[in-house]
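Here is a report on one protein model, written for a first look. Keep the structure open as you read.

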Amino acid sequence: MSKFFYAKLALNNIRKNSQTYAPYIMTCIATVMMYYINYSLAAHTGLSRISGGFTLKTILSFGVAIVGLFSLIFLFYTNSFLIKRRKKEIGLLNILGMEKKHIGRVMIIETCYVALISLSSGLLFGMLLSKLMSLLLMKILRFKVELGFEISFPAIRSTLMVFSGIFVLTLLSNLRQIHLAKPVELLRGGQVGEKEPNTKWLLILVGLITLGSGYYIALTTESPLGALSMFFTAVILVMIGTYCLFTAGSIGILKLLRKNKMIYYRPQNFTTISGMIYRMKQNAVGLANICILSTMVLVTLSTTVSLYIGVEDVLKTRYPRDIMIMASDDLNIQDISWEILEKHGKEPENLVDYFYYSLPIQQKGNQFIVNSGLANSAVRYRDLKALHFISVADYQRITGRDVDLAPNAILLYDVHRDYPYDTINILGREFIIKERLDSLETDGQDAMLVINSYYVVLSDLAFLEHVIEADASTSYYLGFNLIAEDSEIIRIQQEIRTALRELDSRITVDGLQASRNDFYSIYGGLFFLGIFLGILFILGTMLIIYYKQITEGFDDRQRFEIMQKVGMSKAEVKQSIGRQVLSVFFLPLIVATIHIAFAFKFIWRLLMLFNITKISLFVWCTMGTLLVFALFYSIFYLMTSRMYYKIVT
Amino acid sequence: MHLLEVMNLKKIYTTRYGGHQVQALTNVSFTVEKGEYVAIMGESGSGKTTLLNIIAALDKPTSGEVWLDGRNIVTIKEREISAFRRDHLGFVFQDFNLLDNFSLKDNILLPLVLAGKSYKEMISRLNRIANKLGIIHLLEKFPYEVSGGEKQRAAVARGLITGPQLILADEPTGALDSRATDSLLRLFNEINDEGQTILMVTHSTKAASHAKRVLFIKDGQVFHQIYKGSMSYEQMYQKIADTLTLITTGGVRHE
């Protein structure tokens, strides 16, 4: 036999199985493309010249790893499906006289074809689209710079290596399966194990407990920091719960329904319930996968969209003024600054300046005490607070309000609004909270802190001295706005910084405009990555759905033929199919929505770490992504269910 | 009035590509009376399965009529045809056609459930039939847990449960061993003795020898028929065998 025989046979096999192979190759191309684009952007030489480029690089590199990991999972999954479908054909070849090593050779050639096609076209499309993606990225980041078109050789090398690895792995797993199987088993192919599944009560119990505890964590975690540390625990618990309940719980419920004679022996339920039991056994894991992927899409998109839309708010919270100067004393900061402003012909607007004294402190109820062991981990994070003291004189000056404050009374600005008491006991002295302030012109530092900050305005100067003696740090804050172009503001800020640094090297000079790039490279980078991964996850979801429909179509064809023979009309068959497909299809989406609903508060706490403070924004983003995703999902459902009908009838 | 009357049936298949035409039935006419047990014999490709499919309303003839109990089933509307089949016909197939995901009980009940009967009525009918067929202890089992003969009994029970006017059996013994075949044929004789009309398509001489009348089909036409009358199974068997030899060796037609 000539070498060409195998090559031809391999090509023929792929062509003959195009209904299942075409989506596989398309997925390969798409994942190769996405991997290349992501990598080439992360490695783009232009990025290092942009301010904030380093952050962006880190975020994108993180994305590269995720895309690689999920490519492996998706391609492996799809491949296992393909090989299952082809077992019969391979068994036939085996019986017709091809040895397993010959079949192995055919499979190696097949894999080479697939690898060749997907790597070459994936890289080609990747290169073409990378320019477009870099434009999109720069647009999202609002950078005025343009990243030039470049063919990234490190990206090509990495793509080739990663995907060759994946292809070799899938090939090995295929060869192993062929090697282990007996020809007769191969011939029987997918038609093994039609046994009715048992109800696995233990698995249901495990599922309920894990899902319940995952939800419990999500609902009861109050502090953003707690949310961060519990995030992965909760995610894993919910994932385990989802798998258990999809596999065991669904069958348990269906069997209970079947036990109820009045429900089961009805024309519309009879075939549906028994059909679903059979279906769930085969596809529960696939459905659980779809559900988890959908949840991931929703979480990724809703959070990154919220972050991106909220970035201006975040900037304003963090940098309430165009130019902000922080020092440990006022020195002659003002004189130097005004001199520079004068040179540029500018006046400070919305000027604010005051001293405040900060104390990291431990909270126990309404008691705030300095604990010498603050640094050690015995103090729980959520009890750790930052108290900032401002004299009533300063407060009156910056707000223009006239406040009459008794020595034992204070004004409280509680940034996270979670202080429930009417009194506050600081270092053993009890104060009455005379008023809770809605806002305060702070320097925005508190927005950066994970721990909660309380601003205390007080009139008792002697007590203030006492606080300073208790090792409080003194800060002087000067902030003002300028009416000028962004670029000029940034220039002035840099001049002031240079001048003040000569005075004291610890003085920091920040500003809204100067920091915008940094913020956009973080929030925009995450947003870009969110879209990118969202697309990848949607692709994975669609892939699993597509193959699920095809497998079920082939499996169900015979069953529906029989039913028609014993007196089921075409319309009834169609109805029964419709009901089964619909419930199987939308179950993952519904469960994903429930997951999102339970996770909502939890994710909100996490977003607070990123200074997103408008809950309405997050609500809308979540609902929006859910709606858009459901729309895509439904369109895809219509497309694949038509294909399913075609196979069945 | 005849229970079943087949008049001048003709069926021409056109192959999908090239328009090549195959004549499956040339001109078939016969009648079946109530309470009869008729076997239709013929070689592969003689058109007997096509004939059965048309009588079962699974296929439409090119021309001709099929009257069942005074209704021409060729003209029944597509919407009503499933209900009509469910109510008037019972089926027994060579490969049983039981659904793997239903227990035998549910398989047998399927036509009744589709007809929307109450559960009480279903169960009383099921018990009667399962008792008669001796499968009452198997009802909760699944098709893959029982033998071929037991599967076919369940399939017969499914065919009988609606109380159809006519049982159509397509090679019912084709997938059974000799013991199961004997037992199924006995069962057919029993239910026929109780008045059930049966029309069976087969190429097993043994199966046909149990029928009261055997029709022979060749090249899409009724070639010959034999009445059992008072013949024993052995005599009937011999006569059928002789006829088959005659047909295959191309003998002349005689009444």
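## A hairpin and its neighbours

In this predicted model, S6(A) and S7(A) run antiparallel and are joined by 4 bridges. Strands here are DSSP runs (E, at least two residues) and helices are DSSP runs too (H or I, at least four residues), both numbered from the N terminus. Two strands pair if DSSP finds at least two bridges between them. S6(A) covers residues 423-426, and S7(A) covers residues 429-436. The two strands form a hairpin with 2 residues between them. In the turn, A:Leu427 has a positive phi of about 50°. Across the pair, A:Asn425 stands opposite A:Glu430 in S7(A).

S6(A) has another partner, strand S3 of chain A (residues 367-369). These strands run parallel, with 2 bridges. A:Gln367 stands opposite A:Asn425.

## An enclosed strand

S7(A) also pairs with S5(A): the two run parallel and share 4 bridges. There, A:Leu412 has A:Arg436 as its bridge partner. S5(A) also meets strand S8 (residues 452-458), this time antiparallel, through 5 bridges. A:Tyr413 stands opposite A:Tyr455 in S8(A).

How many residues of S5(A) are buried? The count is 6 of the 6, so strand S5 (residues 409-414) is largely enclosed by the rest of the structure. Buried means under 20% relative accessible area, exposed means over 50%, and partly exposed lies in between (1.4 Å probe, protein chains only). In a regular strand, side chains alternate between the two faces of the sheet. Both faces of S5(A) are covered. A:Ala409, A:Leu411 and A:Tyr413 are buried on one side, and A:Ile410, A:Leu412 and A:Asp414 are buried on the other.

## Chain A as a whole

Chain A has 17 helices and 10 strands. Its C-alpha trace spans about 95 × 65 × 45 Å along the principal axes. Of its 649 residues, 53% are buried. Take the contacts (heavy atoms within 4.5 Å) in chain A with a separation of 6 or more: residues 24 or more positions apart account for 84% of them.

## Where chain B meets chain A

The interface brings 24 residues of chain B into contact with 26 residues of chain A. Together the chains bury about 2,300 Å², 65% of it on carbon and sulfur atoms. Buried area is the accessible area (1.4 Å probe) that two parts lose on being put together, summed over both. B:Asn101, B:Leu114 and B:Tyr119 supply 24% of the area that chain B buries against chain A, more than any other three residues.

The elements that give two or more residues to this side of chain B are helices H2 (78-88), H3 (104-114) and H4 (119-133). H3(B) gives the largest share, 7 residues. By class, this side has 14 nonpolar, 4 polar and 6 charged residues. Ala, Val, Leu, Ile, Met, Phe, Trp, Tyr, Cys and Pro count as nonpolar, Asp, Glu, Lys and Arg as charged, and the others, Gly among them, as polar.

## A buried helix

In H3(B), 11 of the 11 residues are buried, so the helix is largely enclosed by the rest of the structure. Among them are B:Lys105, B:Asp106 and B:Leu114. Just after H3(B), B:Gly116 takes a positive phi of about 75°.

## How to read the values

Residues are numbered from 1 along each chain as its sequence is written, and chains are lettered from A and ligands numbered from 1 in the order in which they are written. Local features need pLDDT of at least 70, side-chain atom pairs count only at pLDDT 80 or more, totals for chains, interfaces and linings use all residues, and side-chain values use heavy atoms, with hydrogens and water left out.
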